[in-house]
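Let's explore a protein model together, one question at a time. Have the sequence and the 3D view ready.

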Amino acid sequence: MAAVRKPRFKRSSVKTFSFFLVFSAIVWVLVQFSKSYTQLIEIPVNYINTPLDKSISEERPDHVDLQLQDNGFNIYYYKIVNPQLQIDLSKAREVDESLVYTLQNHLTEIEAQLKIDFEKSRIIQEEIIVPFQFKKEKMLKVVPNIEVNYAVGFSADDPVKLSPDSVKVSGPEKIIDSLVRVPTRSIKLDKVNSDLNGTVAIDTSGFGELSFYENSVTYTQKVEKYTEGSAEIAVEVENVPDNLNLAYFPKTVVVYYQVNLKQFENVSAADFRVVCDYKNVNQGQDYMIAQIVEKPGFINNVRLNERRIQFVIKR
């Protein structure tokens, strides 16, 4: 009996069949995607330019519904890319306790953002209603965080001034009520030898829930030419018991100070008092600490050549 032979397929036939199968599938997909469809797509919204005196509710709408009539390629693109719609709340009108943004009044902007044609598409909603609460407002004092290092021979009589010295902020009441001041950004100025005049940003880090009506302030300071002066001052001792015979030395110390060159002649030794308080001497201690208790208000960087005043008790 003759053996039955199985049919054999040529490898080239299999390849040809696979090619036409894949090609047919691609053509079918292209044909289907080229057809026009109508699809409802959710477009996420992002709110910008919220009025500073308002806080929008967490229950605000998070999307709009776009009815898109287009070919399958574009519809698939929107589902994959999922573009966002920016809603500018500064262009919304206030109705009761809501901000109402009328979409029909901004179709040109929306077309540009979403790259769609409203002749073939439309947004289902006519307007977006965003509930809000009014923020509490408060004036906060601005504190300079400015380190000034003067050049040799220069200094200033007055501290750095800010303008404005307070700024208006708004935010949740529980946060606003706990604040009284806000610092500037930290800056360092070295070798200063002329008047200061500049702008520094307010440090809003850590105040994410607050809205600042001003983001920067101006700082100024009058810088003057200074010189160093000195005066020899007699040391006074207070609170020595009546029955104690106290001898101390030195009897005088030298006070060094910096003064505006224009006021140098206005300083005299009579403007100073250097005092030691015997009550502050610890048991077994043989010296007192000298303190400058009186000095002119317009000098700075005041120091003594000697603060330890030695003493002995005579029997």
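Q: What volume does the largest pocket have?
A: This is a predicted model, where local features need pLDDT of at least 70, side-chain atom pairs count only at pLDDT 80 or more, and totals for chains, interfaces and linings use all residues. A pocket is an open set of points on a 1 Å grid over the protein atoms alone where a 1.4 Å probe fits, with protein on both sides within 12 Å along at least five of seven lines. Volume is the space filled by probe spheres set on those points, which are joined across faces, edges and corners. For the largest pocket, that comes to about 170 Å³.

Q: Which strand gives the most to the lining of the largest pocket?
A: Lining residues have an atom within 4 Å of a point, and 13 residues qualify here, with Cys276 and Asp277 among those nearest the centre. Strands are DSSP runs (E, at least two residues), numbered from the N terminus. With five residues, the top contributor is β23.

Q: Is Ser98 buried or exposed?
A: Residues are numbered from 1 along each chain as its sequence is written, and side-chain values use heavy atoms, leaving out hydrogens and water. Ser98 lies in strand β6. Buried means under 20% relative accessible area, exposed over 50%, partly exposed in between (1.4 Å probe, protein chains only). Because its relative accessibility is 16%, Ser98 counts as buried.

Q: In β13, which residue is the bridge partner of Lys141?
A: Two strands pair if DSSP finds at least two bridges between them. Strands β9 and β13 run antiparallel and are joined by six bridges. In β13, Lys141 is partnered by Ser166.

Definitions and conventions. Helix = DSSP H or I, 4+ residues; strand = E, 2+ residues; numbered from the N terminus.
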